[in-house]
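Biologist: I'd like to learn how to read a model like this one. Could you walk me through it, feature by feature?

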Amino acid sequence: MLGIFKEKLFNAPKELKSPASLSSCTEPKPSNEIVNDFMSSNSSNAFSMCFGNDALLAYSPSKNPSTHQRLFSGLDDIYCVFMGGLHNLSRMNKQYGLSKGTNEAMFITEAYRTLRDRGPYPADQVLIQLEGSFGFVIYDNKHGTVFVASGSDGQIGLYWGVAADGSVVISENLDLIKASCAKSFAPFPTGCMFHSEHGLMNFEHPTRKMKAMPIIDSEGVMCGANFNVDSQSKIQMMPRVGSEANWAAWN
C-alpha cells in the first residue's frame, strides 16, 4: 500500500522532517519515482490512482495468504486502502445497516461517508469500537481530505515520511519509506488517527496532546520522531455539534 499527499492536503507534524535529509548521502525521492518503485516491486495486479497533482493511492493484493489481508474500496469519490482484519466486522456491519458480505475496506468507507454526511459522532468513538488489527488510509476526493488510522495492538505497522517535494508518504513497507524519504520518516503511531485538517491524535486518549520524541539512528543522526501521548497535557474540547463531530471534521 502507498499513499502520497501534497502538503496542502496533509500538513504533517514538523518533527517528521529531519534537517539531516538535506545533507544525507541518500536524498529523498520525488513522488513519481516513489510510485515507480512501488509498482515495479509489486505484482502485476498492483495499480495506482492519481487525483490531479495533489494525491495518489497505490495498492497491490497480499502476495502471501498468511500475511494480513490488503483490501481496496472506492465509493462516492471516497477511496480506502485497508490492511488487517476486524473480529467484530459482522456486528459493525449490522450496526451500520450493511450487508453481511461487506468487507473491512467497504465498511470503513461506508462508516466514514455516513458519519461525514450525517454525524454527530466523534471519530475516536468509532475507532475504539473496532476489534482486531488494522491500519487504513482514506482519501476523500470530494472534500480533499485524508484520514489515516492505525490500530492500538501494533500488528499492522504503518510508516510515514516526507518526499523530496514535501509530500507526505505513507506505506506499510519500511524499506520503501526508507529509500524514499532519506532521514525524514518514522513509524505512524499506533492507536492514533490523523486528519488532514486537524492533525494527529490518539483515539484512545482523545483529550491528551501528542508529544514528539526525536529518533536518533545508529549514526547519531536525528531521523523523524516518534509521537506519544503526553499524559501531562489536556486538550480543551469544545462541544461536538452537527458536522463538527464527525469523521470529516473533529475538534
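Predicted model: local features only at pLDDT ≥ 70, side-chain atom pairs only at ≥ 80, totals over all residues.

Biologist: Which residue is the bridge partner of Tyr-159 in E9?

Modeller: That one is Ser-171. Tyr-159 belongs to strand E8, residues 159–162, which pairs with strand E9, residues 168–171, in the antiparallel sense over four bridges. Further along, Gly-161 faces Val-169 in E9. E8 and E10 are antiparallel as well, paired over three bridges.

Biologist: How many residues lie between E8 and E9 in their hairpin?

Modeller: Five, and Gly-166 in that turn has a positive phi of about 90°.

Biologist: Where do the side chains of a strand point, in general?

Modeller: In a regular strand they alternate between the two faces of the sheet. Here, the sheet is an open one made of six strands, in the order E2-E3-E1-E9-E8-E10, with antiparallel pairing.

Biologist: Which strands are at the edges?

Modeller: Strand E2 (47–51) and strand E10 (185–187), each of which pairs on one side only. On average, neighbouring strands in this sheet are turned by 15° against each other, ignoring direction.

Biologist: And which strands does helix H1 lie across?

Modeller: Helix H1, residues 31–41, lies across strand E1 (2–5), E2, strand E3 (55–59) and E9. Against E1, the helix runs at about 170°.

Biologist: Let's move on to aromatic rings. How many aromatic pairs does a search of the whole structure find?

Modeller: It finds 17. To sort a pair, look at the angle between the ring planes: under 30 degrees is stacked, over 60 is edge-to-face, and the rest are tilted. Take Phe-51 and Tyr-139: their planes are at 55°, so this pair is tilted, with ring centres 4.9 Å apart.

Biologist: Why does that pair tie together parts that are apart in sequence?

Modeller: Because Phe-51 lies in strand E2 while Tyr-139 lies in strand E6 (residues 132–140), and the parts are 88 residues apart in sequence.

Biologist: Is Phe-51 buried or exposed?

Modeller: The cut-off to remember is that buried means under 20% relative accessible area. Phe-51 has 10%, so it is buried. Tyr-139 has 3% relative accessibility and counts as buried.

Biologist: What about Phe-136 and Phe-147?

Modeller: They make a stacked pair, 6.0 Å centre to centre with 15° between the planes. Phe-136 sits in strand E6 and Phe-147 in strand E7 (residues 145–150), 11 residues apart, and the pair links distant parts of the chain. Phe-136 is buried at 0% relative accessibility, and Phe-147 is buried with a relative accessible area of 1%.

Biologist: Which residues do ring pairs link into a cluster?

Modeller: Phe-5, Phe-10, Phe-51, Tyr-79, Tyr-139, Trp-160, Phe-188, Phe-194 and Phe-227.

Biologist: Which backbone oxygen lies 3.1 Å from a polar atom of its side chain?

Modeller: The backbone oxygen of Thr-102. Setting aside neighbours within four places in sequence, Asn-93 is in contact with Leu-98, Ser-99, Lys-100, Thr-102 and Phe-107.

Conventions
Residues numbered from 1 in each chain as written. Heavy atoms only, no water. Pairing = 2+ DSSP bridges. Helix = DSSP H or I, 4+ residues; strand = E, 2+ residues; numbered from the N terminus. Axes fitted to C-alpha atoms, helices over the stretch in contact; angles between N-to-C directions. Contact = heavy atoms within 4.5 Å. Phe/Tyr/Trp six-rings, centres within 6.5 Å; stacked < 30°, edge-to-face > 60°. Buried < 20%, exposed > 50% of the residue type's maximum accessible area, 1.4 Å probe, protein only. Polar contact = N/O pair within 3.5 Å; in protein donor to acceptor, adjacent residues only side chain to side chain.
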